[in-house]
Amino acid sequence: MFSIEIITMVEWSDSERSTIASVWGKINVDEIGPQALARVLIVYPWTQRYFGAFGNLSSAAAILGNPKVSEHGRTVLNALDKAVKNLGNIKGTYSELSQLHCDKLNVDPDNFRLLADCLTIVVASAFGSALNPAVQATWQKFLSVVVAALSSRYF
Ligand code: HEM
């Protein structure tokens with residue numbers, strides 16, 4: 001795990017950079033985004049409390065078919081593009097987003113990790129053997145830095 005203190009010093013090797021670019025290049029945001037957010041809402045139902053304005057979240061089928069969940073899933077995943085393009089300064093890249101989630105949306109930062117884990121599961125099921133353990137390790141390092149950056153306003 002990457003603590004808040006060390007994310008400003010995180011280093012990326014050339015191979016990690018190319019792995020992250022390659023995984024990101026293969027992700028279909030329109031499919032993976034909705035699936036990842038729906039999974040968070042289904043697997044960790046307490047996260048539904050933040051999405052009271054999204055309409056029917058009463059069952060797994062309702063969540064999977066909810067267009068607002070799908071749209072927001074795409075929004076969240078599109079925001080990852082900024083991190084992929086700014087690996088050297090993910091903390092700075094997400095400072096406003098961290099402020100929004102902390103001060104305005106009051107999202108418990110533990111939920112960032114839950115979303116990252118659901119995203120990895122959705123990516124793993126879409127990629128199959130392409131997400132081998134070494135690729136997964138780099139992908140999760142990337143997501144850990146994203147999670148720490150989004151949490152930076154909280155601590
Ligand atoms: C990788 C993690 C995440 C990223 C990159 C992310 C990104 C975003 C972005 C880009 C927005 C739109 C901001 C705007 O309109 O200016 C947003 C809004 C929001 N996020 Fe997150 N988010 C993440 C995790 C979470 C989690 C885990 C939750 C709650 C469980 C959450 C709850 C919300 C809510 C409630 C909104 C406002 C939605 C609306 O009413 O339209 N986010 N997020």
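1. A nitrogen atom of the ligand is 2.9 Å from a side-chain N or O atom of His101, while a polar side-chain atom of His72 lies 3.4 Å from a ligand nitrogen. Polar contacts here are pairs of N or O atoms within 3.5 Å. Please keep in mind that this is a predicted model, with local features needing pLDDT of at least 70, side-chain atom pairs pLDDT 80 or more, and totals for chains, interfaces and linings using all residues. Numbering runs from 1 along each chain as its sequence is written, and side-chain values use heavy atoms, without hydrogens or water.

2. His101 belongs to helix 6 and, through NE2 at 2.1 Å, is the single protein donor to the iron atom of the ligand. Donors are N, O and S atoms within 2.8 Å of the metal (3.2 Å for Na, K and Ca).

3. The shell around the ligand holds 16 residues, with Tyr50, His72, His101, Asn111 and Leu150 coming nearest; a residue is near if one of its heavy atoms lies within 4 Å. Helix 4 contributes the largest share, four residues. By type, the shell has eleven nonpolar, five polar and no charged residues.

4. The ligand takes up the space of the largest pocket, which has about 700 Å³. On a 1 Å grid over the protein atoms alone, a pocket is an open set of points where a 1.4 Å probe fits, with protein on both sides within 12 Å along at least five of seven lines; lining residues have an atom within 4 Å of a point. A molecule sits there if more than half of its atoms lie within 2 Å of the grid points.

How values were computed: Polar contact = N/O pair within 3.5 Å; in protein donor to acceptor, adjacent residues only side chain to side chain. Helix = DSSP H or I, 4+ residues; strand = E, 2+ residues; numbered from the N terminus. Nonpolar A, V, L, I, M, F, W, Y, C, P; charged D, E, K, R; others polar. Points joined across faces, edges and corners; volume = space filled by probe spheres on them.
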